[in-house]
Amino acid sequence: MDALLSLVHGFGVLADPMNILYMFLGIFLGVLIGVLPGLGGANGVAILLPLTFSMSPVSGIIMLSSIYWGALFGGAITSILFNIPGEPWSVATTFDGYPMAQKGRAGEALATAFTGSFFGAFVATLLLTFLAPVIARFALQFGPAEFFAVYLLTFCSFVGMGRESPFKVIAAMMLGFALAAVGIDTVTGQLRMTFGSTELLRGFDFLVAVIGLFGVGEILLTMEEGLAFKGKSAKISPRVVLQVWKELPKYWLTAIRSAIVGCWMGITPGGATPASFMSYGLAKRFSRNGKRFGSGELEGVLAPETAAHAAGTSALLPMLTLGIPGSPTAAVLLGGLLIWGLQPGPLLFVEQRDFVWGLIASIYLSNVAGLIVVLSTVPFFAAILRIPFSIIAPVILVICAVGAYTVHNALMDISVMLVFGVIGYVFKKLSYPLAPLVLALVLGDMAESSFRQAMLLSQGNMSIFWANPLVGTIVTLALAMLFWPVLSAAMDRLRSPARSREAALPAK
Amino acid sequence: MAHQADRSEHTVSKRVMDLVVAGVFMALATLIMWDNWRIGARWEDDGPGAGYFPFRIGAIMFVVSAITFVLKLRDRTVEDGPFVERTQLRSVMQVLIPTVVFVISIGFLGIYVASAIFIAFFMAWLGKYPAAKIAPIAILVPLALFLMFEVWFLVPLPKGPLEAALGY
């Protein structure tokens, strides 16, 4: 098996003790980020990214991806103990996790969540190990038209799968593309949308945007809710963990189903958040105890956590093989790769074997390490959550400012971050989605250049996007996704004309 | 912003805010289209012009925001709450305004001194903590940042007169 040999090679890359140290450091920081309000996976990784510039790319990506795994684990802690989802993908975990904590079964809920996370990530990593090289080899044949088609599919999926108004999704996405185009055009050297300002020459860096949108915006939202943390105390003893592990095999079907849902949603850019909801919903429908969901069922914690972690991990698959991240955090990791001079995409698997397989091997190890870290340090992180918001908030804002500054050593970026913070706050309140904005900002240049190259090849003829079966299929699929809201509404109307007319009336 | 001008107890409704944001989007899209048309949004001799792609982005943005605008304009029946309640707005401003001052002061004082003042002010004003509790946090956090960035990772952060006096 080719993949297995490569994986063994990857573990060889990991043998450097410094890499193991960075892994543990990353996980610890990640859990901390996941627990604190206003610091999440995406902006946490963005803030810490500049710290890794002096490391080798392998060590850097190991530390950053470990932060990401840590944040995925950390989200569960706040959901279960405080009924406050630290991350959007842990919202579904609160449904059964917090009731369990109220009944004094917090330890069991946490142990279940962590084990579920571990299982989900493990399945997704297996998928990554065996599927990624295949996809990368396949994608080597892609030309500019195919790449643009895949970008198109990514962005259209947001429209088809988002819960928000499709017009708002597209508007947010276009804002991302427009911001990405500001500055010097790399092809013609012309200035675009700089309006005579030298500060705009550099364009907008998506790392600064991520820190503002997710970090500052989140603080403003938290402030509005006037949070007072009233948490349940957590004790995890080895006895509780063993007891949970004895009980969990009963729910093997739920675990496997959730892992599959998660992997699917992670590869397509649905992301961890819808994956966790979908998996919770499925578990509720299929479980024998479905009616008791919401009152503190072990299975109701297992399902969303497994799916969220599987989705978070499998989001790396399209990021590594095609250069298209499946989530904002994966997008930030992709930004890191670009800064280190590594071009994500199919060639990465040929040219940077050490890097790719070192990363994949590290995911196996860091999830084991993550499980150990969270199981042993929960009381510590729960204590951090009891620090009042009036102390935590200014410290987090200071950290965000530092993070925004270090991206380019530019003072102006701190102000830009603040503006993005206000935008993030307003967008959240009006349900404009942030993920498509961030992804468009990251991928804007690449999407544009593949579009231009395709147009050059065809001399401006759009038919190049249907020139061969492969690109035609992807583009058609993308358009189907784009018009999915219209299609599904039309199908509903065909099926039950009376009901949809009633539904349509109050909207007028 | 728009809702600050409101003098009555309630602020603007969500619908009005939706209209405002869609309007801003449309204005922005117009600006994008105008600037990119100027630099060449059509097919040049050697391929697509520099504004070819962004112009189309602007056009799509304009169309979808116009749809949102019209939908919200016609949507009168739905009772929707205020965009933000007055007390909530005050809490948000309590964070936002000191943060703006903090960001401006970084340019003059350097990030470490500005952070210390910002944390101290925040804890004293919103948390009502005694000075004995404020001092350690307001001093130790910037100090930890200093050690981490300037000493350990060798990433220089903006410094002001105090650091200059200390020889950094």
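Predicted model: local features only at pLDDT ≥ 70, side-chain atom pairs only at ≥ 80, totals over all residues.
Chain B is divided into domain 1, which covers residues 2–74, and domain 2, which covers residues 86–165. The C-alpha centres of these two domains of chain B lie 36 Å apart. In the contact between the chains, 53 residues come from chain B and 50 residues from chain A. On the side of chain B that touches chain A, at least two residues each are supplied by helix H1 (14–39), strand S2 (47–48), helix H2 (52–74), H3, H4 and H5 of chain B. The residues of this side of chain B comprise 37 nonpolar, 13 polar and 3 charged.

Helix H4 of chain B, one of the elements that supply residues to this contact, runs from residue 111 to residue 125 and has 15 residues. From its first C-alpha to its last, H4(B) reaches 21 Å, which is close to the 21 Å expected at 1.5 Å a residue. The buried residues of H4(B) are Ile111(B), Tyr112(B), Ala114(B), Ser115(B), Ala116(B), Phe118(B), Ile119(B), Phe122(B) and Met123(B). In general, an α-helix has 3.6 residues a turn, so residues three or four places apart point the same way. The buried residues of H4(B) pack against helix H3 (86–109), helix H5 (131–152) and helix H6 (161–165) of chain B, and also against helix H18 (389–408) of chain A.

Within chain A, a pair of helices may be considered next. Two packed helices are described by the angle between their axes and the distance between the axes. For helix H6 (residues 106–139) and helix H13 (residues 298–314) of chain A, the axes come within 7 Å and cross at roughly 35°, and H6(A) passes H13(A) in a right-handed crossing. The residues of the contact of H6(A) with H13(A) comprise 13 nonpolar, 9 polar and 2 charged.

Two residues of chain A illustrate positions that are separated in sequence. Ser295(A) lies in the loop between helix H12 (272–286) and H13 of chain A, and Ser295(A) counts as partly exposed because 14 other C-beta atoms are found within 10 Å. Although Ser295(A) and Phe95(A) are 200 residues apart in sequence, their C-alpha atoms are 7.7 Å apart in space. Gln453(A), by contrast, is found in helix H20 (residues 435–458) of chain A; Gln453(A) is also partly exposed, because it has 18 C-beta neighbours inside 10 Å. Between Gln453(A) and Phe148(A) there are 9.5 Å in space, C-alpha to C-alpha, while the two residues are 305 residues apart in sequence.

Key:
Residues numbered from 1 in each chain as written. Chains lettered and ligands numbered in written order. Helix = DSSP H or I, 4+ residues; strand = E, 2+ residues; numbered from the N terminus. Expected span 1.5 Å × (residues − 1). Buried ≥ 20, exposed ≤ 12 C-beta atoms within 10 Å, placed from the backbone. Contact = placed C-beta atoms within 7 Å. Axes fitted to C-alpha atoms, helices over the stretch in contact; angles between N-to-C directions. Left-handed = near helix turned anticlockwise from the far one by under 90°. Nonpolar A, V, L, I, M, F, W, Y, C, P; charged D, E, K, R; others polar. Domains from an automatic or database assignment.
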